[in-house]
Amino acid sequence: MSDAPIGLLLVNLGTPDAADVPSVRRFLAQFLSDPRVVEIPRFLWLPLLHGVILNTRPAKSAKAYARIWNNETGEGPLRAITRMQAEKLGVLAQGGALGSAPIIVDYAMRYGAPALSAGIEALCAKGCERVLVLPLYPQYAASTTATAFDEIARVLGKMRRQPTLRFAPPYFDDAAYIEALAQGMREGLAALDFQPEVIVASFHGLPRFQIDKGDPYRTHCKTTWRLLREAMGLNERQLRLSFQSRFGRAKWLEPYTADTVAELAKSGVKRLAMIAPGFSADCLETIEELGVDIRDLFLEAGGEKFARIPCLNDGEAGMRLLATLARRELAGWA
C-alpha cells in the first residue's frame, strides 16, 4: 500500500462569492443551468433563465444574503461552516482519529468557490493518490449528490494522472447521524425558554416529477424523520414532516413547510420549534427562510413562541458524526 497521504474532500452545495447582485447572478446562473437541478428541456429553460430569472431574482437574493453575510471574513455561513468542519476534521486526522495513515482534509463546493476541480487538484498537488469524497447530503437526490459525482467525473476526464476515488454513500438512516440529530435537538430544546407544543422537521423540497422518475429522496427524508422520532420518543403529531424552498409552478413534495406552519398556528398551536435535519450546515434556507420568513408567517397566523434549532454545523455532535463517517469509509486505506 502506498505511503502517500490520503485526501478527504468534504463537498457541499455552494454559495455566492459575495452578497452583491453580480456575484449572486453568477452563482444562480451556474446552479440553475445544471440539468440535474432543473429538468426542463434546455431550449425552453435557458431563454427563460437568462431572459427573465437572472434579471429579476439576483437582486432579491442578494438582499437576503447580505442579511446573513460575514463581512469580516467575506463569506456566507455555508462556506464558513463547511470550512470549519474541514479544519476541525483535519485536526482530528492529524491526531490519528481517522486512521494511522496521513490524511489531508479539504472542502469544495459544487457551485461557486472553492470549486470541485480546485479541491481535487489541490489534494493531488499535495501528493494524494487516493481521495475519499464525502458529500454533506444525508439524503440522496440526483440534484445534489449525483451532480457532484457528475462534476468530479468531468474533472477526472481532463486529468492525465487520476487519483483513486471513493464516494461516501448517503447516511440518512445511519445510527451515528440519527444520534447526532437527536443530541443536537435535545441541546437546542434545552436552551429554549419555552416548551414547544410541536416541532417541525423541514427538509429541502424537490419537484414531485423527479420523485416519480425514481429519485429516492422523499423515502430517505421520511426514513430520517421516522428514526429521529423514535430516537426522541415523539409521535407524528409532535414531530411533523414538511418540505421547504418551493420554486416555480410545478408541484413539489408536500406538505409544504409554509402551509404546515400556518395551519398549525391557525389550529391553536402557540409554541413551535423548527429543525432542518437535511442540512449539514446553516445557510440561507435555514437562517433566512426558516428563521425569518417561516417565523414571521407563524407569528402572523396566531403563534406566540417560535425557535429555530441550529443545524449540526461544526458542533460536537456534528464533528463526531463526520469523523465516524470518514473513519468508516477510509477503512482499508487509513
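Strands E1 (residues 6-14) and E2 pair in the parallel sense, with eight bridges between them. Pairing here needs at least two bridges found by DSSP, and strands (E, at least two residues) and helices (H or I, at least four) are DSSP runs numbered from the N terminus. Keep in mind that this is a predicted model, where local features need pLDDT of at least 70 and side-chain atom pairs count only at pLDDT 80 or more, while totals for chains, interfaces and linings use all residues. Residues are numbered from 1 along each chain as its sequence is written, and side-chain values use heavy atoms, with hydrogens and water left out.

- Leucine 9 sits opposite aspartate 106 in E2.
- Eight of the nine residues of E2 (residues 103-111) are buried (under 20% relative accessible area; exposed is over 50%, partly exposed in between, with a 1.4 Å probe and protein chains only), so the rest of the structure largely encloses this strand.

**The four-stranded sheet**
- An open sheet is built from four parallel strands in the order E6-E5-E7-E8.
- E6 (239-244) and E8 (305-308) are the edge strands, and each has a single partner, so one side of each has no neighbour in the sheet.
- E5 (residues 198-204) and E6 run parallel and are joined by six bridges.
- In that pair, serine 202 faces serine 242 of E6.
- Helix H9 (residues 257-266) packs on the sheet, where H9 touches E5, E6 and E7 (271-275); contact means heavy atoms within 4.5 Å. The direction of H9 makes about 140° with that of E6.

**Two residues around helix H10**
- Which residues does threonine 286 touch, not counting those up to four places away in sequence? They are Ala276, Phe279, Gly291, Arg308 and Cys311.
- Threonine 286 is in H10 and counts as buried at 0% relative accessibility.
- Alanine 301 is in the loop between H10 (284-300) and E8, and at 22% relative accessibility alanine 301 counts as partly exposed.
- Leaving aside neighbours within four places in sequence, alanine 301 contacts Ala262, Ala265 and Lys266. The C-alpha atoms of alanine 301 and alanine 265 are separated by 5.6 Å, although these residues are 36 apart along the chain.

**Cavities and a pocket**
- On a 1 Å grid over the protein atoms alone, a cavity is a set of points where a 1.4 Å probe fits but cannot get out, and a pocket is an open set with protein on both sides within 12 Å along at least five of seven lines; lining residues have an atom within 4 Å of a point.
- There are two cavities of 30 Å³ or more. Volume is the space filled by probe spheres set on the points, which are joined across faces, edges and corners.
- The largest cavity holds about 130 Å³ of space, and H6 (residues 175-190) gives the most to the lining, with three residues.
- Residues lining the largest cavity include Leu181, Met185, Phe279 and Cys311.
- The second largest cavity has about 90 Å³ of space. Of its 13 lining residues, Tyr171, Phe279, Ser280, Leu312 and Leu321 are the closest to the centre.
- H11 supplies the largest share of the second cavity's lining, three residues.
- The second largest pocket has a volume of about 150 Å³, and among the residues lining this pocket are Leu189, Phe194, Leu234 and Gln238.

Notes
Axes are lines fitted to C-alpha atoms, for helices over the stretch in contact, and angles run from 0 to 180 degrees between N-to-C directions.
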